[in-house]
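The following exercises are to be worked with the sequence and the three-dimensional model in view. Each task is followed by a stepwise solution.

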Amino acid sequence: MAKAHELRQQQLATMARRQGLPTCDLVLDLSAAETQCPACRARFQPAGHERCPACGLRFPR
Ligand SMILES: [Zn+2]
């Protein structure tokens, strides 16, 4: 579990870099009712979203 989680965070950071977005150390928790985008820090409900509704950062699934 810890390994998979680490990998997802790495993928997320890579995707954010490719899109020219900054990332911070926020943990993206897609299973939570509400989470916070690690790039723009917008709060949103991750269910049904493939990307951040605010900045468009794609989430690795
Ligand atoms: Zn965002």
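**Exercise 1.** Which residues coordinate the zinc ion? Describe the geometry of the site.

*Solution.* The model is a predicted one.
- Step 1: The zinc ion is coordinated through the SG atoms of C37, C40, C52 and C55, at 2.3 Å.
- Step 2: Along the chain, these donors follow the spacing C-x2-C-x11-C-x2-C. C37 lies in the loop between strand 1 (35-36) and strand 2 (43-44), whereas C55 belongs to the segment after strand 2, so that this pair, 18 residues apart, links distant parts of the chain.
- Step 3: The angles among the four donor atoms are 106 to 112°. Four donors count as tetrahedral if all angles lie between 85 and 135 degrees; the site is therefore tetrahedral. For comparison, the ideal angle for four tetrahedral donors is 109.5 degrees.

**Exercise 2.** Classify C37 and C55 as buried, partly exposed or exposed.

*Solution.*
- Step 1: Buried means under 20% relative accessible area, and exposed means over 50%.
- Step 2: C37 has 0% relative accessibility and therefore counts as buried.
- Step 3: C55, with a relative accessible area of 27%, is partly exposed.
- Step 4: C37 and C52 are among the ten residues of the largest nonpolar core, which also includes L12, L28, F44 and F59.

**Exercise 3.** Where does L26 lie, and which residues does L26 touch beyond four places in sequence?

*Solution.*
- Step 1: L26 is located in the loop between helix 1 (2-18) and strand 1.
- Step 2: Its relative accessibility is 27%, so L26 counts as partly exposed.
- Step 3: Beyond four places in sequence, L26 touches Q9, Q36, C37, P38 and R41.

Conventions
Residues are numbered from 1 along each chain as its sequence is written. This is a predicted model: local features need pLDDT of at least 70, side-chain atom pairs count only at pLDDT 80 or more; totals for chains, interfaces and linings use all residues. Side-chain values use heavy atoms; hydrogens and water are left out. Donors are N, O and S atoms within 2.8 Å of the metal (3.2 Å for Na, K and Ca); water is not among the atoms, so sites may look incomplete. Four donors count as tetrahedral if all angles lie between 85 and 135 degrees; four count as square planar and six as octahedral if opposite donors are over 155 degrees apart and all others between 65 and 115; anything else is irregular. Helices (H or I, at least four residues) and strands (E, at least two) are DSSP runs, numbered from the N terminus. Buried means under 20% relative accessible area, exposed over 50%, partly exposed in between (1.4 Å probe, protein chains only). A nonpolar core is a set of buried Ala, Val, Leu, Ile, Met, Phe, Trp, Tyr and Cys residues joined through side-chain atoms within 4.5 Å. Contact means heavy atoms within 4.5 Å.
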